[in-house]
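Work through the exercises below with the sequence and the model open. Try each task before you read its solution.

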Amino acid sequence: MKLFLLSITTSVVLCYTQVTTAATMYRCGNSFQDTPCANQNYSKTIKAAKASSTVAKSGDLSPYQVDTDCKQRGDAAKKMMWLRQTGKTKEEQLESAEDEQAQALVNEVYNNRGTTLEVKNAIEQSCMQQKEKNKLAEELLKEAKRLKKTPYTPSGNTASEKY
């Protein structure tokens, strides 16, 4: 019994000394050291550059690029994904959908694969792309109406500019 208590006490002491001697490590570039980096701005600049290049490469939208409507749509999609993960089927969610937009969102959620965050980001991104398409279509329609009001003649002058 004494040998057992002695071995347990020794184990506890050895573990405790390892925990107390462990130091905080700092990553500075590609190396690790026990003191903070000398140039803190350098590491922040590197992190910011990596983050912006990652966003640019992946095409992922960061939160400040998503407007409120698309953000709400993404949040609703996230909740639907949670329900999907708990076992709720597409048909059950379609039955509980209140309107056509909610039904379209349910279909979009179930057509996307991935984690909850991936599906949420994909839906926010598609929402923003659709808004951009709608904005361009509106601009084209305005330009078409403007051109329709001022007819164009083959000589390059409008009808109102005749000699």
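Helices (H or I, at least four residues) and strands (E, at least two) are DSSP runs, numbered from the N terminus. The model is predicted: local features need pLDDT of at least 70, side-chain atom pairs count only at pLDDT 80 or more, and totals for chains, interfaces and linings use all residues. Residues are numbered from 1 along each chain as its sequence is written, and side-chain values use heavy atoms, with hydrogens and water left out.

**Exercise 1. The chain as a whole**

Task: State how many helices and strands the chain has, and in which pattern they follow.

Solution. 
- Step 1. Count the elements. The chain holds six helices and two strands.
- Step 2. Read along the sequence. The pattern is α-β-β-α-α-α-α-α.
- Step 3. Check burial. Buried means under 20% relative accessible area, exposed over 50%, partly exposed in between (1.4 Å probe, protein chains only). Of the 163 residues in the chain, 15% are buried.
- Step 4. Check the contacts (heavy atoms within 4.5 Å). Take those between residues at least 6 apart in sequence: 51% join residues at least 24 apart.

**Exercise 2. The largest nonpolar core**

Task: Find which residues make up the largest nonpolar core, and which elements give two or more residues to this core.

Solution. 
- Step 1. A nonpolar core is a set of buried Ala, Val, Leu, Ile, Met, Phe, Trp, Tyr and Cys residues joined through side-chain atoms within 4.5 Å.
- Step 2. List the members. The largest core has nine residues: Ala77, Met80, Met81, Leu105, Val106, Val109, Tyr110, Val119 and Ile123.
- Step 3. Assign them. Helices α3 (68-85), α5 (100-111) and α6 (116-149) each give two or more residues. The largest share, four residues, comes from α5.
- Step 4. In soluble globular proteins, nonpolar side chains tend to be buried together.

**Exercise 3. Ala77 from the inside**

Task: Decide whether Ala77 is buried or exposed, and name what it is in contact with beyond its neighbours within four places in sequence.

Solution. 
- Step 1. Ala77 sits in helix α3.
- Step 2. Read the area. Ala77 has a relative accessible area of 0%, so it is buried.
- Step 3. Set aside neighbours within four places in sequence. Ala77 then contacts Leu105, Val109 and Ile123.

**Exercise 4. Helix α6 and its buried residues**

Task: Work out which residues of α6 are buried, and what they pack against.

Solution. 
- Step 1. Check the length. The 34 residues of α6 reach 50 Å from first C-alpha to last, close to the 50 Å expected at 1.5 Å a residue. The expected span is 1.5 Å times one less than the number of residues.
- Step 2. List the buried residues of α6: Thr116, Val119, Lys120, Asn121, Ile123, Glu124 and Cys127.
- Step 3. Find their partners. These residues pack against α3 and α5.
- Step 4. Take Thr116. Its relative accessibility is 12%, so Thr116 counts as buried. Beyond neighbours within four places in sequence, Thr116 contacts Lys78, Met81, Trp82 and Gln85.
- Step 5. Take Lys120, also in α6. Its relative accessibility is 10%, so Lys120 counts as buried.
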